[in-house]
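Visitor: I would like to know what stands behind the labels. Please take me through them one at a time.

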Amino acid sequence: MASTLSDVPEGGASFLPADYVARRRMLLASAGGPGAARRRGLAALTDAWLREVFAQASSNTELGAVGVALIAVGGFGRGELSAGSDLDLVLLHADRRHSDAVGDLADGIWYPVWDTGVHLDHSVRTFDEARRLASTDLAVLLGLLDARHVAGDPAVAQRLRSSVLADWRAAARRRLPELREAWEERGRKHGDLRHDLEPDLKEGRGGLRDLVSLRAVAASWVADRPHRDVDAAVRRLADVRDGLQEVTGRSGNRLLLQEQDQVAQVLGVTDADELLREVGASAAAVTHAADVTWRRALQAARPSRSRYIRGRRPVLKLLGPGLAEHDGEAVLTAQADPTIDPLLVLRLAARAARAGLPLSPSSVDRLVADRPPLREPWPDPARDLFIELLGAGPPLVTVWESLDQAGLLDLLIPEWSWVRHRPQRNAVHRFSVDRHLVETAVRASELVRDVRRPDLLLVAALLHDIGKGSAGDHSEAGAPVAAKVAIRLGFPEDDVHTIETLVRHHLLLVQTATRRDLDDPATAETVAAALGNTDVLDLLHTLTLADASATGPGAWSDWKAGLVEDLVERVALRMGGAPAPTAPPLSPEQAKLVSKGRLAVVVEPDEAVTWTVTVAAPDRPGLFSVVAGVLALHRLSVRSAQIRTERVPEGDMALDVWTVIPERDHDPRAEALRNDIGRALAGDLDLTNRLASRDAARRLPSVPPPAPRVDLMRAASDTATVVEVRAGDRPALLYRLGRSLALMGVDIRAARVVTLGGEAVDVFYLQDAAGAPLDEPAAREVVRLLTDAAT
């Protein structure tokens with residue numbers, strides 16, 4: 001019959017090593033199985049036995065128990081003991097005057113422990129020796145920070161603990177960098193529990209050893225650490241290690257593949273994959289807590305220019321409405337109201353990632369507590385912010401993980417729970433499925449200049465493996481899931497179909513290129529039939545490159561790249577080009593504005609955050625740049641625009657329809673915009689200097705965007721030279737582009753402007769002074785000027 005914890009004596013009974021071994025075996029075979037209760041029970045059993053051993057040993061020496069203490073350190077010091085754990089013990093005495101007697105006492109303790117077969121890590125120190133070693137040896141310090149009296153003189157143990165803590169707190173600002181470097185080096189050496197197929201539960205990043213570092217930072221009083229979630233995560237990792245040691249019968253920390261199913265069974269987990277997901281989730285909580293704790297420690301250790309200026313009030317650098325940078329983090333300002341603004345979580349995440357800032361934990365907590373639901377399908381501004389977040393580059397990873405740890409991703413994309421911490425049973429993959437998807441979006445953000453629809457590329461990158469873990473082909477399983485997400489994001493039907501196609505066929509190019517005869521015409525025909533047009537082909541080709549680079553070095557080679565490139569060229573030839581879009585007819589209201597023949601501005605609200613600004617004015621060189629500059633001056637971020645020229649009896653009239661979002665909490669006013677446009681056209685408002693002085697104080701993105709791309713679309717129009725600009729969006733970009741064209745004397749006959757997340761895709765239809773397309777030298781000069789303006 002298995003024993004229970006109540007069978008274990010709590011002290012007062014004298015028993016030999018064999019008795020301890022028998023009772024230890026009974027406890028480890030208890031019905032409760034691996035868990036915190038068993039670890040505490042084993043520690044309590046061991047404490048009771050060690051007290052008896054100490055009492056017997058001290059009675060046989062002239063030293064007695066005064067001025068000497070037996071201390072547990074490390075995990076045993078924290079009051080938990082696993083079946084495979086060492087007994088970490090220190091025999092502490094006041095001085096060396098009785099060294100022979102101390103030696104006899106030590107032998108009287110160590111030999112009975114060795115007789116049990118339990119591994120012993122032991123030392124004998126004077127008070128001064130222990131304190132001096134803790135001041136120079138980080139490993140000794142970390143052990144003694146968890147020191148706990150077991151037997152002997154409690155005053156000696158308490159004195160050491162108090163002295164070591166005081167010394168650590170006094171030297172913490174000097175020694176914390178050493179502790180951080182040890183933490184980072186351990187992660188580099190032992191891997192990452194979130195992604196490793198055979199994780200090291202103790203030494204890997206996010207493992208049990210990380211808690212020791214976090215406890216040390218908290219003990220320094222420089223910064224506290226998160227408690228509830230990370231403590232639960234560490235307990236689960238300890239449970240898994242207990243299960244591993246029970247299965248193997250050995251002391252060990254690495255969860256090998258051949259043992260994972262048995263460990264899962266011991267712990268009552270479905271299978272090895274689910275076990276690794278639990279390990280990954282626990283490690284993610286620990287890693288996130290470590291990141292937050294170290295950030296807090298560094299903030300406290302360095303002087304901050306932004307925390308205390310102008311008396312005691314912190315100075316915040318605004319990132320957008322209700323958002324600011326403070327002490328190296330993106331925060332919600334006091335004016336932000338999460339209870340009424342469902343876009344606030346996306347706005348904070350997008351602007352933080354673009355600025356390369358982590359999210360403030362307190363601001364995230366405000367969002368979790370008060371965030372209202374986002375209506376479905378999402379409004380356009382919400383989708384734009386989401387795309388801006390996905391296109392932010394490497395800072396996306398940190399922001400995304402913060403949202404995930406807070407549970408906010410489940411509110412935005414419930415389907416994410418299916419891939420969260422899902423292991424990849426393929427050695428070529430560096431990351432778990434969820435992290436691989438985020439990494440693919442990061443790699444795709446570097447390639448957005450290569451496609452016409454960067455928004456579709458980024459969403460497909462994030463979702464291309466969303467079906468992994470499903471029965472059958474994960475591409476087929478994931479396609480309808482991706483379509484469901486795209487519909488929720490508010491994409492129109494054609495875009496939903498494109499995203500679904502990209503996910504369904506995200507392996508098509510590499511599989512076809514490496515397994516089929518490219519010289520067979522049917523090969524290109526098959527791919528062309530599956531994709532439909534060259535835009536989707538370009539998207540899929542770019543997604544393939546991003547997916548491969550995010551997977552790992554073994555997933556791609558020059559040979560594969562060459563085959564895929566060859567296949568794409570053959571398929572493109574089969575498909576041919578797409579027809580150019582035509583401009584929609586004027587609405588009655590627009591026709592009325594144009595017929596007036598003079599400058600007019602109309603401002604209308606669209607949704608919660610977007611406005612339409614319609615500008616009609618006599619056409620003239622530089623009009624586009626003036627309107628764009630005034631909008632930028634009024635802190636109106638352009639999301640899209642359609643520019644066209646209409647003929648009326650009085651001459652050519654330009655009609656500009658702009659969709660904008662105010663950067664601050666002020667609605668755009670038509671009269672103010674019309675006055676400033678008029679002043680700028682008359683030469684009374686210097687837009688260049690005003691914008692330059694204002695933008696000098698803006699925070700630049702932490703990760704420089706890819707270089708802009710400017711292409712001549714030679715077959716797009718018979719009456720104009722068509723130029724497409726793809727660049728990272730930034731304030732006054734359209735003003736700079738338009739001004740470059742105006743200085744060259746080029747007329748913008750029409751334009752289509754769209755901002756997709758953080759990417760601007762702007763198409764200009766250009767003519768010379770005679771109303772004809774530009775000649776070749778002028779067209780090349782336009783490309784050069786626009787490239788410089790967009791850089």
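Guide: We start with rings. Those of Phe, Tyr and Trp (its six-membered ring) pair if their centres lie within 6.5 Å; planes under 30 degrees apart count as stacked, over 60 as edge-to-face and the rest as tilted. By this rule there are eight aromatic pairs. The model is a predicted one: local features need pLDDT of at least 70, side-chain atom pairs count only at pLDDT 80 or more, and totals for chains, interfaces and linings use all residues. Residues are numbered from 1 along each chain as its sequence is written, and side-chain values use heavy atoms, with hydrogens and water left out.

Visitor: What makes Phe386 and Trp400 an aromatic pair, and why is it called tilted?

Guide: The centres of Phe386 and Trp400 are 6.3 Å apart, and the limit is 6.5 Å. Their planes make 50°.

Visitor: How do you know what counts as a helix or a strand?

Guide: Both are DSSP runs, numbered from the N terminus: helices are H or I with at least four residues, strands are E with at least two.

Visitor: Why is α5 called roughly parallel to α7?

Guide: Axes are lines fitted to C-alpha atoms, for helices over the stretch in contact, and angles run from 0 to 180 degrees between N-to-C directions. Angles under 35 degrees count as roughly parallel, over 145 as roughly antiparallel, 65 to 115 as roughly perpendicular and the rest as oblique. Helix α5 (residues 127-136) and helix α7 (residues 154-190) cross at roughly 20°, their axes coming within 10 Å. That makes α5 roughly parallel to α7.

Visitor: What handedness does the crossing of α5 and α7 have?

Guide: Right-handed. A crossing is left-handed if the near helix is turned anticlockwise from the far one by less than a right angle, and right-handed if clockwise.

Visitor: Which residues of α5 and α7 meet?

Guide: Contact means heavy atoms within 4.5 Å. Phe127, Ala130, Arg131, Ala134, Ser135 and Thr136 of α5 meet Arg159, Leu160, Ser163, Val164, Asp167 and Arg175 of α7. The contact of α5 with α7 holds five nonpolar, three polar and four charged residues. Ala, Val, Leu, Ile, Met, Phe, Trp, Tyr, Cys and Pro count as nonpolar, Asp, Glu, Lys and Arg as charged, and the others, Gly among them, as polar.

Visitor: What makes α7 and α11 roughly antiparallel?

Guide: The packing angle of α7 and helix α11 (residues 272-301) is about 155°, with axes 11 Å apart. The cut-off is over 145 degrees, so α7 is roughly antiparallel to α11. The crossing of α7 and α11 is left-handed. Their contact includes Trp183 of α7 and Trp294 of α11. By class, the contact of α7 with α11 has nine nonpolar, no polar and three charged residues.

Visitor: What makes β3 and β4 edge strands?

Guide: Two strands pair if DSSP finds at least two bridges between them. The open sheet of four strands has the order β3-β2-β1-β4, with mixed pairing. β3 (120-126) and β4 (148-152) each have a single partner strand, so one side of each is left without a neighbour in the sheet. The twist averages 25° from one strand to the next.

Visitor: How do you know that β1 and β2 pair?

Guide: Five bridges join strand β1 (residues 68-72) to strand β2 (residues 87-93), running antiparallel. The rule asks for at least two. Ala72 has Leu89 in β2 as its bridge partner. α7 packs on this sheet, touching β1, β2 and β4, and makes about 55° with the direction of β1.

Visitor: What order do the strands of the open sheet of three have?

Guide: The order is β5-β6-β7, with antiparallel pairing. β5 (317-320) and β7 (329-332) are the edge strands, each pairing on one side only. Three bridges join β5 to strand β6 (residues 323-326). Leu318 stands opposite Ala324 in β6.

Visitor: What sets Glu376-Pro377 and Asp327 apart?

Guide: Most residues other than glycine have a negative phi, and most peptide bonds are trans. The bond from Glu376 to Pro377 is cis, with omega near -5°. Asp327 has a positive phi of about 55° although it is not a glycine. Asp327 lies in the loop between β6 and β7.
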